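Thanks for coming. Please have the viewer open.

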Amino acid sequence: MEITTPKHVLRKNLRTLSREVLTDDMRSRGARNICEQLLADPHFARAQSVGLYAALHDEPSLDHILLNMHSDKKFFLPRVEGPECINFYPFEGVDMLSRSSSFGIQEPTAGISETVDPMSLDLIVVPALAYDSYGYRLGRGKGYYDRYLALTDAYRIGVTFGLQKIASLPVDPWDKKMHIVYYAF
């Protein structure tokens with residue numbers, strides 16, 4: 001369906017849908033499904049420097065990849081560093097993460113490592129509340145990923161639970177389209 005609903009209304013509806021529909025079992029199965037799709041992706045297989053994320057409750061967890069993959073890949077996680085900024089830092093193990101005050105998610109501990117140059121990332125996995133059929137995302141409305149994606153040429157893989165199929169989202173000039181999107185359901 002074509003969406004003419006404003007983004008803020010879509011966000012509210014999708015958060016409500018997530019709370020009402022997603023069970024712990026569905027979250028777990030969906031996260032495994034997303035990780036399997038990522039591991040089978042040829043771009044992911046080739047990438048050496050990969051931006052991932054620590055999941056919020058309504059995002060597919062990537063813990064299976066972060067905690068179980070032993071390879072020559074380097075993983076990086078975002079850290080919120082102000083009202084409009086995220087930077088990615090090396091993932092050096094769960095003991096080097098701390099709970100953020102802004103969203104309550106696990107982030108690289110401040111001051112442990114240097115930020116990664118956005119242009120050095122080969123691939124970035126981007127969570128969203130929803131994606132449309134063109135690869136545009138509906139994020140949380142803060143613009144963190146929008147600003148970061150403008151700084152990198154990394155291959156962009158979008159991931160979402162996919163609770164609502166949306167043909168076309170409202171798109172702003174700064175929105176970056178994903179190269180591919182994987183849905184958990």
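Ser120 has a relative accessible area of 33%, so it counts as partly exposed. This is a predicted model, so please take what follows as values computed from it. As for where Ser120 sits, look in the loop that joins strand 5, residues 106-108, to strand 6, residues 123-127.

What does the side chain of Ser120 reach? It comes to 2.7 Å from the backbone oxygen of Asp117. Further along the chain there is Ala154, 34 residues from Ser120, and the C-alpha atoms of these two are separated by 7.9 Å.

Now the rings. How many aromatic pairs does a search of the whole structure find? The count is 3. One of them is Phe88 with Tyr148, a tilted pair, with 4.8 Å centre to centre and 45° between the planes. Phe88 belongs to strand 3, residues 86-90, and Tyr148 to helix 5, residues 144-149, so this pair ties together parts that are 60 residues apart in sequence.

Are these two residues buried or exposed? Phe88 has 0% relative accessibility and counts as buried. Tyr148 is also buried, at a relative accessible area of 1%.

Another pair is Phe161 with Phe185. Their ring centres are 5.7 Å apart, and the planes are at 15°, so this pair is stacked; the cut-off for stacked is under 30 degrees. Phe161 is in the loop between strand 9 (155-160) and strand 10 (180-183), while Phe185 is in the segment after strand 10, so the parts tied together here are 24 residues apart in sequence.

Phe161 is buried, with a relative accessible area of 3%, whereas Phe185 is partly exposed, with 38%.

Last topic, charges over rings. Lys73 has its charged end over the ring of Phe44, at 5.2 Å from the ring centre. With Lys165, the ring is that of Tyr183: the lysine lies over its face, 3.8 Å from the ring centre.

To recap, Ser120 is partly exposed and its side chain reaches the backbone oxygen of Asp117. Phe88 and Tyr148 make a tilted pair, and Phe161 and Phe185 a stacked one. I will take questions now.

Methods. Residues numbered from 1 in each chain as written. Predicted model: local features only at pLDDT ≥ 70, side-chain atom pairs only at ≥ 80, totals over all residues. Heavy atoms only, no water. Helix = DSSP H or I, 4+ residues; strand = E, 2+ residues; numbered from the N terminus. Buried < 20%, exposed > 50% of the residue type's maximum accessible area, 1.4 Å probe, protein only. Polar contact = N/O pair within 3.5 Å; in protein donor to acceptor, adjacent residues only side chain to side chain. Phe/Tyr/Trp six-rings, centres within 6.5 Å; stacked < 30°, edge-to-face > 60°. Lys NZ or Arg CZ within 6 Å of the ring centre and 35° of its normal.
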